[in-house]
Every structure is written in C-alpha cells, then in structure tokens.
Amino acid sequence: MRYLILSPPVHQPSEPPSGAFLLSAALAARGIEAPFFDLSLEFFHFALEKSTINTTPALRYMTSPPGSLYEPHQHASHSGVIMSALKRYAGSYPGWHLTPMDCSPPRGLHRPGDYPSMHTPFGDFYREILEPVLNERENATVLVSVAYLSQLPGAVELGRFLRTRGRKALFGGSLFESLSRTGTGMSLLKTFIPEVTLDDGSGLLPPNAGQVMDELVFPELLSKKDYLSPAYVLPVAFTTGCIWNKCLFCPDREKPLKAIPERTIRKLLETAPSDVMVHFIDSTVPLPRLESTLALLEDKGHRFFGFTRATGEFLKPGLLDRIARSGCSMLQWGIESGSPGILERFGKGIDPETALKVLRESSARGIRNYAYFLFGLPGETARDREMTLELIEAAGAAISFMNASVFNLPVDSELTERHGEFGMSLGTYDPGTDAIRLYSPFTCEGSDPRTEAKRFLWEAERNSPVFSNLLKSTPKWFRATHMAFMGPPTPF
Ligand code: SF4
C-alpha cells in the first residue's frame, strides 16, 4: 500500500504539524511509503508570493536571522510585514480572515454548511500546487491529518477537491478525536467530510506491528519550502496522554496514557538532521524520560523546548544545570494561578511558592521561561486574581514570555459533569442547532467569571508595569516556536 500524507492549511508555518509528521514517521519506520506534503507550509509561501507586498526580506529574516536568534524588535517588524501580506492576499476573498495561526470564513468556523464553496483562498492553491503532487502519486491513498479548528475550512475544501479528482482519502487527527470525545458537532462535520476515521493510524499498519508510535524514523518530506524558523523544528513525544491527568477541567482525562519506547525516541533523534530544535509535544514532559535523553540531545547538538509543570522535582540539585547544558532553549510552565486555594480546588498539584523558585532557578541558568496563567476559573475571587498578579510581579524578569488566558469550559470534562458542586450553571452557544464546539458558556452563582477575568486583565495591563512589559515582550504570532529562538533586545 502507498500513501500520501497531507496537512491542510492553516497551521502555523514555523514547524511541521506533529500529527501528520509523526504518522509519516511511523509508516516510514515500517517500510511503508508515506511521504508528508505540508500543504499549510506550501499555502503560506503561495499566498505570500501572490501578495503585492514584498516579503522576501521578512522571509529571509525568519529563516536566517543573524546568529540564528531573533532580535525582538526586528522579529516584530518582519512579523508585521508577513501579517500585512497575508491580509492583502485574504482581501481578494471578501470576509475571510487569515493570519499565520488562524483562518476563518465570512460566517465563522462553527458551521461547515456556512463555508463558501466557491472563491475560497484554497481553490487555486490546490489546483496549482497539490494537483501535480497527486498526479505523481496516482495510486496512493491520501491521508489528511487535521489538528486545529483553523484547518477546518481548508480540510472541507480539500475533501471536495479530492472527491472531484476521484481520489481515495481518509481524514483523521486530533481535532476529530477531540470533537468526538469532548466536543459537539462530529455528526454535522461528517456530512461535509464523510471520510473521517478516529483511528490513530494503527489500523494502517501490518498485523502485529504494534501501536502506531512504537516505531519512528525521520520521514520523507515532499515540500522543499523552508519553515519560518532558524532551524528545523522536530516534533517528539515521550508519551501520549498526560502523566499528571488530575486537573478537573481537563478535556483529555479519558485519553489513555501510553509511553513511547525509549529506543523509538532515540531512533527518531538519530535519523533527524543535525542541529534541529526538538519540540517535546507532551501535555507534560515526564522528567525521568527527559533526564535519560539529555546525554543524547547534547551529543547530537540538538536544542529543545517543551511544556511541563513547575513542581519541586525541578529543584533537585544539579538537574536544571544539566537540562540547560544539554541544549534546553525554553521551558513552558503550566502554573495557572498564584492562589493555593484555586490550584487545590481544581487538582493542579502545583504550589505557587515552589513554582516561583523553579522559575527563578531556571532563569538563572539561561533557560527562557514561558509561563501560563489561567484567569476566570469558577469561584475565582478578586483576591485569587490579585495573588496571581503578585506571583507574576514577584517572578518579574524570571519570566521571559507569558500567556495570561481566560478559562474556557470544555463541553465534556469532570468539572462540566460536576458543575453543580461548583455553583455553575451551563449554557449553550447554539440553542436548537448543531454546531462544532469544544467549549460551553457558563455562569457561576449569577456572575460570569470570564467577564470579571477579562476586566482584571485589562486593568493589570494598564496598572502593572511588569505585567504589561511581559505582554509586550511575548511575540503574538508563530506560537511558542519563535520564543524558543528569541534572543535579547539590541539596545537602541
Ligand atoms: S496537566 Fe494539562 S493535560 Fe495534564 S491533566 Fe492537567 S490540564 Fe490535562
């Protein structure tokens, strides 16, 4: 059997989409022909070339900044050029909104029946760029991996395009898996993409080949375009599922925890080009697994970043030194709140004082810290929010980048099920109609914690210099990937 793996636009063009990349890696490891063609990356280059704004200097900077690190002001200025060029391109498609991370059609994302079927940003692109690749692989079954809502309009149109060409296709990926497990609208979606499967790719393997992620090698990549990053960003996971798995509002608690064998990670790292930036994509990087991989990362000269929890394990003597020495560019810390009561109520297993120590120790070793805070949880008081701001201010320069988000309640989670215990009333965005949704509106004892949180964040940005400086120094586009490559600002 021969396959062709595609990932539809829009996925950020700074690194390969992990689901499609790893599926291609898993099939290649079993000797199955399954090259990966990143349609999203191709789409950005296509759109930027068609735009009337000259993006050549901006693209050159994004792929080869001096010293392989971004200077924050220059990065902001070149990102602005790319944003303007995308906006100009999208201007030919009235009502469409397009950025390096988002795509929405004129009447929004939630009802595929509302997506225009003519004159979309993707039709000419599929004909010009995808068609020749399909023609070269006439007998290959097309596998389409979709991870984000921003890929949905491109995926619906891709399904239409493949059907008109009579191509056999299967659509899968984490978006469909999340919608079917913890969201709404899967049956609606199937009327537009009937080829959806919830199989994780294991069904494509020969009998007795194990789970899909048990074997991985660096796959064949068909796109010759550059990702918008100074080094190739390699997605790697130690586990699927979450090793903590206790947060009450987590939509993924039912996802089984599976460890990817150590030899598999080793093989993927060994077959990758040298000097990549490894992106550990685990929900929480398991520390023992990271520790046992440090020597190999150092040996291969790979740098790395990933998401973890700011717990006391990181204060083990010498550990952060070894992590920094082995090429750690950035750690993304899920801290969420400065209020011990909030953290305990929702099962976060984090203590703010320890988190603060971890941030300071990590920063002292030159590791960039990207800290996540979550406001607007049910029952959050004004004092809880202030405690979070106090934690951010106490950490100050120990935080390099910050994500201060407002809580969204998953359609399905333990907290949603137990909403009565937390004084919550559930609402709906779509009374009487079917729509694609991952979250539900809610109120808490007559008040709306999300609105209160937004007001607090608005005020914090105006009144707290530490908070507003952190927001300013956190790049808005290209997600965490570019933060891992961010250098210090050059003084004027
Ligand atoms: S750490 Fe993240 S993935 Fe793990 S249980 Fe908590 S919210 Fe879920």
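Guide: Helices are DSSP runs of H or I with at least four residues, and strands are runs of E with at least two, both numbered from the N terminus. The model is predicted, so local features need a pLDDT of at least 70 and side-chain atom pairs count only at pLDDT 80 or more, whereas totals for chains, interfaces and linings use all residues. Residues are numbered from 1 along each chain as its sequence is written, and side-chain values use heavy atoms, with hydrogens and water left out.

Visitor: Which helix gives the most to the lining of the second largest pocket?

Guide: The second largest pocket (an open set of points on a 1 Å grid, with protein on both sides within 12 Å along at least five of seven lines, its lining residues having an atom within 4 Å of a point) has 22 lining residues, and Pro72, Phe401, Ser473, Thr474 and Met486 lie nearest its centre. Helix H4 (72-90) and helix H17 (465-473) each supply at least two residues of that lining. With five residues, the helix that gives the most is H4.

Visitor: Are H13 and H14 roughly parallel or roughly antiparallel?

Guide: The axes of H13 (residues 352-364) and H14 (residues 382-395) come within 10 Å and cross at roughly 25°. Angles under 35 degrees count as roughly parallel and those over 145 as roughly antiparallel, with 65 to 115 being roughly perpendicular and the rest oblique. The crossing angle therefore makes the two helices roughly parallel.

Visitor: Which residues of H16 make the contact with H14?

Guide: H14 also packs with H16 (residues 449-463), at an angle of about 35° and with axes 11 Å apart. On the H14 side, the contact (heavy atoms within 4.5 Å) is made by Arg385, Glu386 and Leu389. The H16 side consists of Glu452, Ala453, Phe456 and Ala460.

Note on methods: Axes are lines fitted to C-alpha atoms, for helices over the stretch in contact, and angles run from 0 to 180 degrees between N-to-C directions. On a 1 Å grid over the protein atoms alone, a cavity is a set of points where a 1.4 Å probe fits but cannot get out, and a pocket is an open set with protein on both sides within 12 Å along at least five of seven lines; lining residues have an atom within 4 Å of a point.
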